[in-house]
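Me: I would like to learn how to read a structure feature by feature. Please show it to me and take my questions in turn.

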Amino acid sequence: MEWFSDHLWETWTGIAILLGVAELFSLDLVLLMLATGACVGIVTALIGLPVAVQVLAALGTSVAMLALVRPSMVKRLQSGPELTLGHDALVGKQGVVVAEVNADGGQVRIGGELWSARAYDEMSVIPAGARVDVFQIKGATALVHRIPELGA
């Protein structure tokens with residue numbers, strides 16, 4: 001028992017390493033949170049706090065990590081990237097007016113493609129060469145709004 005009390009930080013390090021390696025096989029993040037608690041045990045052992053305080057600090061940290069950190073990490077890891085396909089991918093993009101756009105029609109170039117377009121605001125007329133934002137896609141028609149220019 002004398003050796004154990006003289007080598008507490010090494011014991012905590014061994015526990016942390018074992019939990020970390022086991023986490024590589026489980027990939028559930030539970031053992032990683034427990035390994036974090038063991039790392040707190042290392043710090044408290046190096047400071048020279050009693051074993052009971054070390055265990056309480058390690059347990060407290062592990063529980064806090066499981067309750068506060070793990071849920072957000074799991075959510076982030078299990079959610080994939082936001083995939084917008086088709087017409088929805090064009091909403092928010094910018095384009096250039098090729099033929100004057102008004103409430104009745106016109107043409108814009110969005111991402112290298114030519115699209116029929118109408119002004120989102122029915123009262124506005126957007127001249128050729130103006131930069132526009134795509135607000136909505138209805139069928140094969142882009143509803144666009146002119147991007148304000150400085151000095152214009």
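Me: How many residues does helix α2 have, and what span does α2 reach from its first C-alpha to its last?

Reply: Keep in mind that this is a predicted model. Helix α2 covers residues 8-26, which is 19 residues. From first to last C-alpha, α2 reaches 27 Å, close to the 27 Å expected at 1.5 Å a residue.

Me: Which residues of α2 are buried?

Reply: The general idea comes first. An α-helix has 3.6 residues a turn, so residues three or four places apart point the same way. In α2 the buried residues are L8, W12, A16, L19 and E23. They lie on the same side of α2 because they cover an arc of only 75° around the axis.

Me: Which exposed residues does the face of α2 turned away from its buried side carry?

Reply: That face carries I17, L18, L24 and F25. After α2 comes L27, with a positive phi near 55°.

Me: How many salt bridges does a search of the whole structure find?

Reply: Side chains of opposite charge can pair when their charged atoms come close. Here the search finds 1 salt bridge. The side chains of R70 and D28 meet in it, at 3.1 Å from N to O. R70 belongs to helix α4 (residues 51-78) and D28 to the loop between α2 and α3 (30-47), so the pair ties together parts 42 residues apart in sequence. D28 has 40% relative accessibility and therefore counts as partly exposed.

Me: In what order do the 5 strands close into a barrel?

Reply: Strands of a sheet pair through backbone hydrogen bonds, either parallel or antiparallel. The order in this barrel is β1-β2-β3-β5-β4, and the pairing is mixed. Neighbouring strands of the sheet are turned by 55° against each other on average, direction ignored.

Me: How many bridges join strand β1 to strand β2?

Reply: There are 4 bridges between β1 (residues 94-99) and β2 (residues 107-110), and the two strands run antiparallel. A99 stands opposite Q107 in β2.

Me: How many aromatic pairs does the structure hold?

Reply: A pair of aromatic rings is described by the distance of the centres and the angle of the planes. The structure holds 1 aromatic pair. Y120 and F135 form this edge-to-face pair, with 5.0 Å centre to centre and 75° between the planes. Y120 is in the loop between β3 (113-119) and β4 (131-138), and F135 is in strand β4, so the pair ties together parts 15 residues apart in sequence.

Me: Are Y120 and F135 buried or partly exposed?

Reply: Y120 counts as partly exposed at 43% relative accessibility. F135 is partly exposed, with a relative accessible area of 39%.

Terms used. Residues numbered from 1 in each chain as written. Predicted model: local features only at pLDDT ≥ 70, side-chain atom pairs only at ≥ 80, totals over all residues. Heavy atoms only, no water. Expected span 1.5 Å × (residues − 1). Buried < 20%, exposed > 50% of the residue type's maximum accessible area, 1.4 Å probe, protein only. Arc of directions from axis to C-beta. Salt bridge = Lys/Arg side-chain N within 4 Å of Asp/Glu carboxyl O. Pairing = 2+ DSSP bridges. Axes fitted to C-alpha atoms, helices over the stretch in contact; angles between N-to-C directions. Phe/Tyr/Trp six-rings, centres within 6.5 Å; stacked < 30°, edge-to-face > 60°.
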